[in-house]
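Me: I am new to this structure. Please walk me through the terms used for it, one step at a time.

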Amino acid sequence: MHSTETAVSSSHPRGEEETPWLSAREQQFWRAHLEVSRLLDYQLGRELQPHNLASNDYEILVVLSESPDRRMRMTDLATATLQSKSRLSHQITRMENAGLVLRQDCPGDRRGLYAHLTEQGWETMQKVAPDHVRSVRHHFIDRFTPEQIDAMYAALAPVAEHLRALRGRA
């Protein structure tokens, strides 16, 4: 048993026998996944910095660029980017100040707002996307064979589906 497991299980009131601890192999896999996720996010974010964008900014640009009329209700954008409405609002304010997005009223809904990709935001997206795709390819995609990509997709797709289904639950 790993030392953190000992500390957790000894303080857990239900006891160790009810906790399905990870095997050494499972723990190694889980920690490798976490490390890859964090390091990849860090590296891709670092490579967006010369474009004066954070990873969350780029994600918003992508989501808006793929939306009809390059706009989306703020509540839907918060859901799509896994951000709280408050955090998204602050981020959209920063992106508005940079000229990348614009808030617009929703016709028929006095409280609703759209986030709309500006022409400058669209041009930024077109300029940054090729560099970002090259980074994703270099740091992630090109590290695998086509067969490994297929196998990893087959393994991860059900996990993503499960977690998407949980998103609406408290």
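Reply: Start with a definition: a residue counts as exposed when its relative accessible area is over 50%, and as buried when it is under 20%. Keep in mind that this is a predicted model.

Me: Why is Asp69 called exposed?
Reply: Asp69 has 61% relative accessibility. The cut-off for exposed is over 50%. Therefore Asp69 counts as exposed. Asp69 sits in the loop between H3 and S1. Its phi is positive, about 60°, although Asp69 is not a glycine.

Me: How do you know that Asn52 counts as exposed?
Reply: By the cut-off of over 50%. Asn52 has 68% relative accessibility, so it counts as exposed. Asn52 belongs to the loop between H2 and helix H3 (55-65). Its phi is near 60°, which is positive in a residue other than glycine.

Me: Why are H2 and H6 called roughly antiparallel?
Reply: Helix H2 (residues 24-48) and helix H6 (residues 119-139) pack at about 150°. Angles over 145 degrees count as roughly antiparallel. Therefore H2 and H6 get that name. Their axes are 10 Å apart. The crossing of H2 past H6 is right-handed.

Me: Which residues of H2 and H6 meet?
Reply: From H2 come Leu40, Gln43, Leu44, Glu47 and Leu48. From H6 come Val128, His132, Ser135, Val136 and His139. Sorted by class, this contact has five nonpolar, four polar and one charged residues.

Me: What makes S1 and S2 edge strands?
Reply: The open sheet has three strands in the order S1-S3-S2, with antiparallel pairing. Strand S1 (71-73) and strand S2 (101-106) each have a single partner strand, so one side of each lacks a neighbour in the sheet. Neighbouring strands here are turned by 30° against each other on average, direction ignored.

Me: How do you know that S2 and S3 pair?
Reply: Pairing needs at least two bridges. S2 and strand S3 (residues 109-117) have six, in the antiparallel sense. Strands S2 and S3 therefore count as paired under that rule. Leu102 has His116 as its bridge partner in S3. Asp105 has Leu113 as its bridge partner there.

Me: Which helix lies across S2 and S3?
Reply: Helix H5 (residues 85-97) does, running at about 120° to S2.

Methods
Residues are numbered from 1 along each chain as its sequence is written. This is a predicted model: local features need pLDDT of at least 70, side-chain atom pairs count only at pLDDT 80 or more; totals for chains, interfaces and linings use all residues. Side-chain values use heavy atoms; hydrogens and water are left out. Axes are lines fitted to C-alpha atoms, for helices over the stretch in contact, and angles run from 0 to 180 degrees between N-to-C directions. Helices (H or I, at least four residues) and strands (E, at least two) are DSSP runs, numbered from the N terminus. Angles under 35 degrees count as roughly parallel, over 145 as roughly antiparallel, 65 to 115 as roughly perpendicular and the rest as oblique. A crossing is left-handed if the near helix is turned anticlockwise from the far one by less than a right angle, and right-handed if clockwise. Contact means heavy atoms within 4.5 Å. Ala, Val, Leu, Ile, Met, Phe, Trp, Tyr, Cys and Pro count as nonpolar, Asp, Glu, Lys and Arg as charged, and the others, Gly among them, as polar. Buried means under 20% relative accessible area, exposed over 50%, partly exposed in between (1.4 Å probe, protein chains only).
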